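I opened this notebook to record a look at charged side-chain pairs and at strand pairing. The entries follow the order in which I looked things up.

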Amino acid sequence: MPSQKLAHSPESTSPSIQEGNCTMKRLATATALCCTLLSTYAKQPTVEQVEQYLGVTKTKEVVDAQVEGFSKQYATASSPKQMEQINRYLNSVMGWSAVKDEYIKLVQETYTAEELQASLKFMQSAIGQSIARKNLLFSNKTSTLVAKRAQSFTQRPAAKSEQASDQDEAPASVDTLEVLEGERHQESERTYFTGKVVNRGKTVVRGAQVEVNLFLGGKFVDQYNAYISGAIPAGGERYFKVSCGCKDAPPAQHDSFRFSVVSTY
């Protein structure tokens with residue numbers, strides 16, 4: 001009897017195999033859908049999108065306000081020429097033209113295209129624009145506040161000479177120091193000068209060098225100096241003494257003298 005091949009119709013397939021095939025198809029479809037969604041959600045925003053976002057959020061204006069805040073910290077203690085150099089430097093390192101590309105890169109690395117689009121939609125609304133304007137106003141106010149705090153720190157006067165050594169202000173210029181009550185003394189064969197240095201500036205002086213120039217008939221003939229150690233607070237004063245030579249080496253003959261402060265530290 002000839003052998004017969006048995007044909008398997010779809011109806012004859014095991015129910016468990018059919019169910020497994022359906023499950024695999026559903027998983028493959030779900031995986032493909034997830035990949036599509038993830039690629040859509042994780043898409044990096046374009047440069048055009050980022051620039052639009054930075055525009056509506058007024059990021060440039062916020063950066064400009066920050067630069068202005070830093071500039072104000074130096075305004076009261078700097079000449080117009082110095083301020084020009086300071087502003088040029090600040091803009092070169094933290095101005096908008098210096099940081100724009102970095103801002104764009106940071107936004108692209110932080111937000112997806114969808115997130116940025118949603119934020120743009122909100123920021124372009126009436127309430128979003130109102131918030132953007134208030135963010136700029138808030139940034140201006142905080143920059144001004146920081147500048148005022150910095151100025152009050154660098155310009156605060158010392159209440160006592162003992163407290164001055166704990167202060168961090170920069171030394172005052174010699175132009176703010178004045179020598180008063182300068183006198184010449186002669187004891188036996190010894191000559192010396194005394195006086196006091198007054199600090200007319202707004203910052204503490206850590207120390208100073210006082211110089212006495214001797215003249216004869218208007219011509220310079222000799223010079224002596226002394227160092228004042230210890231701080232001179234703003235508005236304060238400190239006495240000094242300048243010894244001139246010794247018994248075997250007296251100062252040059254002179255008929256007048258002049259005091260000056262030649263350096264501070």
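The entries below go from the salt bridges to the sheet.

Entry 1: I worked on a predicted model. I searched the whole structure for salt bridges and found seven.

**Entry 2: a pair within a helix.** I looked up Lys60 and Asp64, whose side chains meet in a salt bridge at 2.9 Å, N to O. I placed both residues in helix α3, which spans residues 59-75. They are four residues apart there, about one turn of the helix.

**Entry 3: Glu187 and Arg190.** I recorded a salt bridge between Glu187 and Arg190, with 3.1 Å between the closest N and O atoms. Glu187 is partly exposed at a relative accessible area of 41%. For Arg190 I noted a relative accessibility of 35%, which counts as partly exposed.

**Entry 4: a pair between strands.** I asked which residue forms a salt bridge with Lys196. The partner I found is Glu237, the closest N and O atoms lying 3.3 Å apart. Lys196 belongs to strand β2 (residues 190-199) and Glu237 to strand β5 (residues 237-244), so this pair ties together parts that are 41 residues apart in sequence. Is Lys196 buried or exposed? I found Lys196 buried, because its relative accessible area of 10% falls under the 20% cut-off. Glu237, by contrast, counts as partly exposed at 42% relative accessibility. I also noted that Lys196 and Glu237 are linked with Glu181 in a network of salt bridges.

**Entry 5: the sheet.** I turned next to the strands that hold this pair. I noted as background that strands of a sheet pair through backbone hydrogen bonds, either parallel or antiparallel. Here I found an open sheet of three strands in the order β1-β2-β5, with antiparallel pairing. Its edge strands are β1 (177-187) and β5, each of which pairs on one side only. From one strand to the next, the twist averages 20°.

**Entry 6: β2 against β5.** How many bridges join β2 to β5? I counted eight, with the two strands running antiparallel. As one example, I looked up Phe193 and found its bridge partner in β5 to be Val242.

Methods
Residues are numbered from 1 along each chain as its sequence is written. This is a predicted model: local features need pLDDT of at least 70, side-chain atom pairs count only at pLDDT 80 or more; totals for chains, interfaces and linings use all residues. Side-chain values use heavy atoms; hydrogens and water are left out. A salt bridge is a side-chain nitrogen of Lys or Arg within 4 Å of a carboxyl oxygen of Asp or Glu. Buried means under 20% relative accessible area, exposed over 50%, partly exposed in between (1.4 Å probe, protein chains only). Two strands pair if DSSP finds at least two bridges between them. Axes are lines fitted to C-alpha atoms, for helices over the stretch in contact, and angles run from 0 to 180 degrees between N-to-C directions.
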